[in-house]
Amino acid sequence: MRQGSLPGVHGRVRPLTLLGDPVLHAPCREVTDFGPELARLVDDLFATMYEARGVGLAANQVGEPLRVFVYDCPDDEDVRHLGHVVNPRPVVTDGVVVRGPEGCLSLPGLEAGTERYDHAVVEGFTVTGEPVTVHGTGFFARCLQHECDHLDGRIYADRLTGWRHRRLMRQADRASWNRRG
């Protein structure tokens, strides 16, 4: 991302990968090249996230199996958090476990009550390779955990059990975007 520009302004909107795509269900590779291609990917992630009206987006959600995600997400006090993390590593997930509505751009239009901790800390790097630590509470903590899950090959549906999981999968099977449906 270029200094002083709005994130995503120079990016291109990419097609989203949807539930069932193998790239969503495999762990992503560490980023080793912090060059212009990574900066373009981050710009594209922001452009795609904004176009889809999301609050976070992982690289595998646009078909790139790399450990990168972007976010523009409020916390429970409505404070805006804007940024990206390369090679993120959750270092703290604690506090109260809260079941709250969770959706995903790779399962458009669907959501389910998903349990997450209300505090998370993620360490990683910026697009230029500088170390970064991101602290999140409430909804923003949920976002950080959700995006880290993506990079480990998990989606929020994988955290559901019983009737919540069955209901979400039935809804996904009937969704207009589902190629299997």
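Here, buried means under 20% relative accessible area, exposed means over 50%, and partly exposed is anything in between, using a 1.4 Å probe and protein chains only. Helices (H or I, at least four residues) and strands (E, at least two) are DSSP runs, numbered from the N terminus. The model is predicted, with local features needing pLDDT of at least 70 and side-chain atom pairs counting only at pLDDT 80 or more, while totals for chains, interfaces and linings use all residues. Residues are numbered from 1 along each chain as its sequence is written, and side-chain values use heavy atoms, leaving out hydrogens and water.

**View 1. Helix α1 and what covers it.** Let's start with α1, which runs over residues 36–52. Its 17 residues reach 24 Å from first C-alpha to last, close to the 24 Å expected (1.5 Å times one less than the number of residues). Buried residues in α1 include L38, L41, V42, D44 and L45. Their cover includes β1 (56–58), β2 (68–74) and β3. After α1 comes R53, with a positive phi near 60°.

**View 2. The largest nonpolar core.** A nonpolar core is a set of buried Ala, Val, Leu, Ile, Met, Phe, Trp, Tyr and Cys residues joined through side-chain atoms within 4.5 Å. The largest one here has 17 residues, and L38, L41, V42, L45, L57, V68 and V70 touch the most other members. Both α1 and β2 supply at least two residues of this core, with α1 giving the largest share, 7 residues. Zoom in on V70 and you'll find it in contact (heavy atoms within 4.5 Å) with V42, L45, F46, M49, V55, G56, L57, G83 and H84, not counting residues up to four places away in sequence.

View 3. D44 sits in helix α1 and counts as buried, at 7% relative accessibility. Leaving aside neighbours within four places in sequence, D44 is in contact with G11, R12 and R14. A polar atom of the D44 side chain lies 2.8 Å from the backbone nitrogen of R12.

**View 4. The annotated binding site.** An unreviewed UniProt entry has a "binding site" annotation covering C104, H146 and H150; positions follow the numbering used here, feature names are shortened, and annotations may be inferred rather than shown by experiment. These residues are spread over 47 residues of sequence, yet they cluster in space, with a largest C-alpha distance of 10.1 Å. The lining of the largest pocket includes C104, H146 and H150. On a 1 Å grid over the protein atoms alone, a pocket is an open set of points with protein on both sides within 12 Å along at least five of seven lines, and lining residues have an atom within 4 Å of a point.

**View 5. C104 up close.** Look for C104 in the loop between β3 (80–103) and β4 (111–125). C104 is buried, with a relative accessible area of 9%. Beyond its neighbours within four places in sequence, C104 is in contact with Q61, L110, H146, H150 and Y156.

**View 6. H146 and helix α2.** H146 belongs to α2 (residues 138–151), where 13 of the 14 residues are buried, so the helix is largely enclosed by the rest of the structure. H146 is buried too, with a relative accessible area of 7%. The side chains of H146 and E102 are joined by a polar contact of 2.6 Å (a pair of N or O atoms within 3.5 Å; within protein, one must be able to donate a hydrogen and the other to accept it, and residues adjacent in sequence count only if both atoms are side-chain atoms). After α2 comes G153, with a positive phi near 85°.

Key: 1 Å grid on protein atoms, 1.4 Å probe; cavity = no way out; pocket = protein on both sides within 12 Å on 5 of 7 lines; lining within 4 Å.
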